[in-house]
Amino acid sequence: MISTAALLTILGMASATYATRLAGYLLLRKRKLGPRARAVMEAAPGCVLISVIAPHFVSPHPEELIALGITLVAAWRLPMLFTVAIGVASLAVLRLYWQ
Amino acid sequence: MPHLHTRSEILRGAKDALPVMFAVAPYAMVLGAQASQVDLSLAEVGAMTGLNFAGCSEFAAIKLWAAVPPMLTIVLITLLINSRHIVMGAALAPFLQHLPKRKVIPALFFMADEGWAISYADTLRRSQGQQLPAFSWPYYWGACLPFYPVWVGFALIGAAIGPALGNIEAYGFAMAFPAVFIVLLRGMWKGPRLACAWLVSLLVAILVYLTVPGAWFVFAGVIAGMLFTYLREVMQ
């Protein structure tokens with residue numbers, strides 16, 4: 001069951017999100033970027049990813065910071081699956097023995 | 001045999017996306033469980049995850065949810081949190097010029113962080129290897145589409161199980177997302193010049209996260225890194 005208020009809110013969210021997904025493409029679809037704009041757009045994807053996970057770098061829980069450090073080292077060489085597994089396992093183990 | 005080629009490209013994308021599913025699935029369950037605690041029905045959880053399909057904004061919406069949800073606030077926060085998609089779509093746009101608009105527009109509905117990053121990193125690799133087109137259309141679908149049933153499905157499972165799920169955060173899954181994003185960043189690594197911009201983004205995002213309440217830190221971090229790159233280009 002969906003209440004009207006919930007449905008309207010969800011539809012509002014969905015429209016806002018889809019608009020953001022389309023906007024960048026529609027704006028730049030036919031543009032030829034100059035060297036400066038190209039440099040900015042080259043840096044931008046990484047800026048998005050690092051900004052999303054920024055709060056993890058200042059976690060108030062020391063065990064999470066240690067696990068993040070271990071994850072960073074693992075990510076240096078290891079493929080995705082191993083890095084995720086090591087990150088999750090190291091945090092789980094650290095939490096067991098912390099306190 | 002273009003058909004075989006399409007199939008192998010879809011599978012190649014799905015294979016690169018598969019390990020990330022192990023991070024996304026538990027997160028979707030946490031979202032579902034939180035949603036059930038603020039009395040969203042199963043249908044509402046399905047509608048939100050299926051129509052919006054953007055995790056961070058859904059967590060924010062659940063935090064603000066009430067019997068009569070504050071619609072305007074939730075929609076504006078969704079817009080703020082997901083404004084990063086504008087940059088993501090713009091970064092992909094130069095590589096999509098060989099595709100017709102009517103094909104790209106529905107495909108962008110499925111452009112979530114993880115699938116986008118996997119597909120963008122692959123585009124960079126192909127572009128450096130002189131493969132044409134750099135952007136592989138079937139690879140994009142293979143990398144992006146599987147997240148849809150996983151996100152919606154596991155959110156529904158989380159909502160159905162509800163509080164019985166317990167505190168899933170306690171198991172260490174909190175590290176799954178940063179791990180995924182760090183590996184994706186490594187795939188975009190092109191040397192210290194780019195990394196300087198990323199570092200600026202990180203520092204500004206942290207600063208804003210610690211000082212400004214709400215969801216502004218992603219927006220601020222992205223803008224700061226882009227602005228830094230622009231200013232560096234201007235000064236050279």
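Helices on this tour (H or I, at least four residues), like strands (E, at least two), are DSSP runs, numbered from the N terminus. Select E63(A), and you are in helix α3 of chain A.

Before moving on, some ground rules: this is a predicted model, where local features need pLDDT of at least 70, side-chain atom pairs count only at pLDDT 80 or more, and totals for chains, interfaces and linings use all residues. Residues are numbered from 1 along each chain as its sequence is written, chains are lettered from A and ligands numbered from 1 in the order in which they are written, and side-chain values use heavy atoms, with hydrogens and water left out.

The scores for the model are ipTM 0.92 and pTM 0.91. For chain B, the mean pLDDT (the predictor's confidence in each residue, from 0 to 100) is 92, and 96% of its residues reach 70 or more.

**Stop 1**

Is E63(A) buried or exposed? Buried means under 20% relative accessible area, exposed over 50%, and partly exposed in between (1.4 Å probe, protein chains only). E63(A) has a relative accessible area of 10%, so it is buried. Show its neighbours: leaving out residues up to four places away in sequence, E63(A) touches L91(A), L94(A), R95(A) and W98(A). Contact here means heavy atoms within 4.5 Å.

Now pick W76(A), found in helix α3 (residues 62–77) of chain A. W76(A) is exposed, with a relative accessible area of 65%. Try the distance tool from W76(A) to G12(A): C-alpha to C-alpha they are 40 Å apart in space, and 64 residues apart in sequence.

**Stop 2: the domains of chain A**

Colour chain A by its division into domain 1 (1–31) and domain 2 (35–99). Domain bounds come from an automatic or database domain assignment. Taken over C-alpha atoms, the centres of these domains of chain A are separated by 29 Å.

**Stop 3: the core**

A nonpolar core is a set of buried Ala, Val, Leu, Ile, Met, Phe, Trp, Tyr and Cys residues joined through side-chain atoms within 4.5 Å. Which members of the largest nonpolar core touch the most other members? Of its 101 residues, they are M41(A) and W116(B). Helix α1 (residues 2–37) of chain B gives the largest share of this core, 11 residues. From chain A, the core draws at least three residues from each of domain 1 (1–31) and domain 2 (35–99).

Zoom in on W116(B). Not counting residues up to four places away in sequence, W116(B) touches P45(A), L49(A), M88(B), L92(B), M111(B), C144(B) and M188(B).

**Stop 4: rings**

Rings of Phe, Tyr and Trp (its six-membered ring) pair if their centres lie within 6.5 Å; planes under 30 degrees apart count as stacked, over 60 as edge-to-face and the rest as tilted. Over all chains, the structure holds 18 aromatic pairs. Select F53(B) and Y148(B): their ring centres are 5.0 Å apart and their planes at 70°, so this pair is edge-to-face. F53(B) lies in the loop between α2 (42–51) and α3 (55–64) of chain B, and Y148(B) in helix α9 (residues 147–161) of chain B, so the pair ties together parts that are 95 residues apart in sequence. F53(B) is buried at a relative accessible area of 3%, whereas Y148(B) is partly exposed at 24%.

**Stop 5**

Most residues other than glycine have a negative phi, and most peptide bonds are trans. Yet phi of F53(B) is near 50°, a positive value. Phi of D39(B) is positive too, near 70°. D39(B) lies in the loop between α1 and α2 of chain B and is exposed, at 66% relative accessibility.

Next, find the cis peptide bond joining L132(B) and P133(B), with omega about -10°. P133(B) lies in the loop between α7 (113–128) and α8 (137–144) of chain B.

**Stop 6: two helices of chain B**

Select α8(B), which is mostly covered: 7 of its 8 residues are buried. Among them are W137(B), Y140(B) and C144(B).

Finish at helix α12 (residues 216–235) of chain B. Its buried residues, including F217(B) and M226(B), pack against α2 (35–52) of chain A together with α5 (84–92) and α11 (192–211) of chain B.

Technical notes. Expected span 1.5 Å × (residues − 1).
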